[in-house]
Amino acid sequence: MKALRMAIAALALTGVAGAAMAAPRQVTIPIDFTCPVSDPQLFEFVLKRQPGVLSVEVFFDEQWVVVIYDDLLTDQQELIDALIDVGLGEMLGSDPITEGPAPEAKP
């Protein structure tokens with residue numbers, strides 16, 4: 001019985017340590033806000049509801065949305081698919097999507 005408890009504890013610690021090693025990712029999605037029905041808040045609303053999304057910032061003048069997310073819970077394609085699923089696919093810009101590690105949080 002003691003060996004079983006130790007094995008369960010070891011598995012629990014491994015899971016916690018693995019989750020702590022996930023690094024946030026940042027993706028910049030180009031958006032065409034010149035469309036008459038485009039609403040920057042709609043992009044923010046849809047993306048913030050996706051599992052693993054930590055933050056969403058809309059840059060209307062620059063025509064892009066920056067999303068920081070947990071790469072263990074979602075990925076770039078799932079974020080794009082969420083926008084397409086609610087009818088925002090037509091407003092995705094033609095510039096390339098950029099992705100990389102999220103900048104470190106400032107204290």
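Predicted model: local features only at pLDDT ≥ 70, side-chain atom pairs only at ≥ 80, totals over all residues.
**View 1. The buried face of helix α2.** Helix α2 covers residues 40-48 and lies across β2 and β3, with its direction at about 170° to that of β2. Its buried residues are F43, V46 and L47. Seen down the axis of α2, these buried residues fall within an arc of 95°, so they line one face of the helix.

**View 2. The open four-stranded sheet.** Four strands form an open sheet in the order β2-β3-β1-β4, and their pairing is antiparallel. The edges are taken by β2 (53-59) and β4 (98-101), each of which has a single partner strand, so one side of each is left without a neighbour in the sheet. From one strand to the next, the twist averages 15°.

**View 3. The pairing of β2 with β3.** Strand β3 comprises residues 64-70, and its antiparallel pairing with β2 extends over six bridges. Within this part of the sheet, S55 stands opposite I68 of β3.

**View 4. Helix α3 across the sheet.** Helix α3, made up of residues 76-85, lies across β1 (24-30), β2, β3 and β4, and runs at about 40° to β1.

**View 5. The largest nonpolar core.** This core has 18 residues, and those with the most contacts inside it are I29, F43, L47, V65, V67, L79 and L83. At least two residues of the core are supplied by each of β1, α2, β2, β3 and α3, while the largest share, four residues, comes from α3.

**View 6. The surroundings of L47.** L47, one of the buried residues of α2, is also listed among the residues with the most contacts inside the largest nonpolar core. When residues up to four places away in sequence are not counted, L47 touches V53, V56, V65, V67, L79 and L83.

**View 7. T28 in strand β1.** T28 lies in strand β1. Its relative accessible area is 16%, and because buried means under 20%, T28 is classed as buried. Leaving aside residues up to four places away in sequence, T28 touches W64, V65, V66, I97 and T98.

Definitions and conventions: Residues numbered from 1 in each chain as written. Heavy atoms only, no water. Pairing = 2+ DSSP bridges. Axes fitted to C-alpha atoms, helices over the stretch in contact; angles between N-to-C directions. Contact = heavy atoms within 4.5 Å. Core = buried A, V, L, I, M, F, W, Y, C linked by side-chain atoms within 4.5 Å. Buried < 20%, exposed > 50% of the residue type's maximum accessible area, 1.4 Å probe, protein only. Arc of directions from axis to C-beta.
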